[in-house]
Amino acid sequence: MSGLKLKVMVVTRFAPSPTGLLHLGNARTAIFSYLFARHSGGKFILRVEDTDRERSKKEFEEVILEDLKWIGLDWDEFYRQSERFDIYGKYIEQLLEKGYAYPCFCTEEELERERRIAELRRVPYRYSGKCRNLSEREVERLKAEGRPYTIRFRVPDGRTVVFEDLIKGKIAISVDDFGDFIIVRSDGSPTYNLAVVIDDALMGVTHVLRGEDHISNTPKQILIYEALGFEPPKFAHLPVILGPDRSKLSKRHGAVSVSSYREEGFLPEALFNYLCLLGWSPPDGEREIFSKEELIEIFDLKDVNRSPAVFNLEKLRWMNGVYIREVVSLERLYEVALPFLREAGYRVDNEAYVKRVLQLTRDSYETLRDMVDRLRPFFVDRVDVPDRLTQLLREMEATRVFEKVVENLDGADLSSPEKVREFVRSVVKDTGLKPRQVWHSLRIALTGEEEGIGVDILLSVLPKDRIRLRLEEAISCLR
RNA sequence: GCCCCCGUCGUCUAGCCUGGCCUAGGACGCCGGCCUUUCACGCCGGAAACGCGGGUUCAAAUCCCGCCGGGGGUGCCA
């Protein structure tokens, strides 16, 4: 602690609504908010925005929290809006009393009709203001009748709200573009625009980082801040993430949830790193691989791009490969690989063996899913050789190779890939066959496939009894 | 339709603020070569961009204007 900074502590928050899985775009927003807070030694708050009782689901909340933790985020405070309704109630009263808001008895059908008419006439839709000036008596009467009502914010006429966005710069929006908007639903629950303002103000949020799809909400919120007598925070609207067709990344582009990437065998470190590079770039140099700690150190809003970025799975895959082969420790790789190997039904009780295999093969797969396929020969007892390849073995006179190997197996030193190559060279010499033929024959008998991991690596870790078993099986099969 | 935002290789981007160092740099992907027991990995090389049109200036990717293009919003969703 330098103790020199007298600035007010930075407080950011991530506010997901539990109406679906954690989307990559939201995950990136969360990451940027987190980095920004941690960079300045500030506070990062997680707040579940579940005011919409219809669509919010507890299961989604659980998965979102799990995904946030998985990707490496931690938070200092946690809130759930559904538990704060009484707080909102107090402020709603205040707005009503001071005339900043009023009850609206228009039904959804009525409003829907107004909207359709506006669309037909090709004019921008705004609430008509029908209930704006209802007398107190009228209001009481309608309430007494039991008519359901919402509460609308009374937007001041002719106002243009201007704010300085930390990423986009100055943004000015006229209130004519939206009109009086609903802040309390007819079931009494506050809408997003109201709850978000009260919470951000009460929680001391200083910087609101969110997707740019929220830009149009910002003037509404600023108006509420003013009506409530709160100081608005700074806003930073992040460009959205696009799919390959340049429309907002969504389900129809395929996997978009953090959990699906976890299931596909991506490492959280790699996904975190990749997401940071979408819309942000390091201030100097051309490096792309950064740890979370480094990102906390160098992250700055001024380096956030203003334009939307297209998500590129190929690059994510590449980066994941970089993490698998050279960034993470063997210990860490073992940790993340184990569940995948287990799930595939592989025998992984021998930790040293699994680690040996991983260390020798880690430079040849980009995801843990790929790894599972790639490592099959290391973890199964026997392999199936398709007829086509059995035929090929015959043509290559493979029996001679296998017999020779089995014959010399006991005395052979197969302790390393180098030693294996030495051994195979002797087999080549003894059989008089071409090196290619020998290697290829061994590959097919040992893996049942024509391509894959290096045979030298395979032979150097595979227990001799398993080598013998596969070769003997191949021999009998060829007879 | 209306409002707002954005516009450098196919994609992510550096450069733009503070014009000249830009014959525009890096990365993914792509193509070619090397390595090699296969596929990968690795190494070497290559193709590939300042949306268009005006203006300002000795000089513009960089500043100004217009156009075009893309995106987002337009909910009793967030």
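Tutor: Of the contacts in chain A with a separation of 6 or more, 77% come from residues 24 or more positions apart, a contact meaning heavy atoms within 4.5 Å. This is a predicted model, in which local features need pLDDT of at least 70 and side-chain atom pairs count only at pLDDT 80 or more, while totals for chains, interfaces and linings use all residues. Residues are numbered from 1 along each chain as its sequence is written, chains are lettered from A and ligands numbered from 1 in the order in which they are written, and side-chain values use heavy atoms, with hydrogens and water left out.

Chain A holds 21 helices and 12 strands, which are DSSP runs numbered from the N terminus (helices H or I, at least four residues; strands E, at least two). Among the strands is β4, residues 101–104, from which Ala101 and Pro103 point one way while Tyr102 and Cys104 point the other way, and all of these are buried, that is, under 20% relative accessible area with a 1.4 Å probe, counting protein chains only. Strand β4 runs antiparallel to strand β5, residues 150–153, and four bridges join the two, where pairing requires that DSSP find at least two bridges between strands.

As for the setting, buried residues make up 50% of the 479 residues in chain A, and the C-alpha atoms of the chain fill a box of roughly 105 × 55 × 40 Å, taken along the principal axes.
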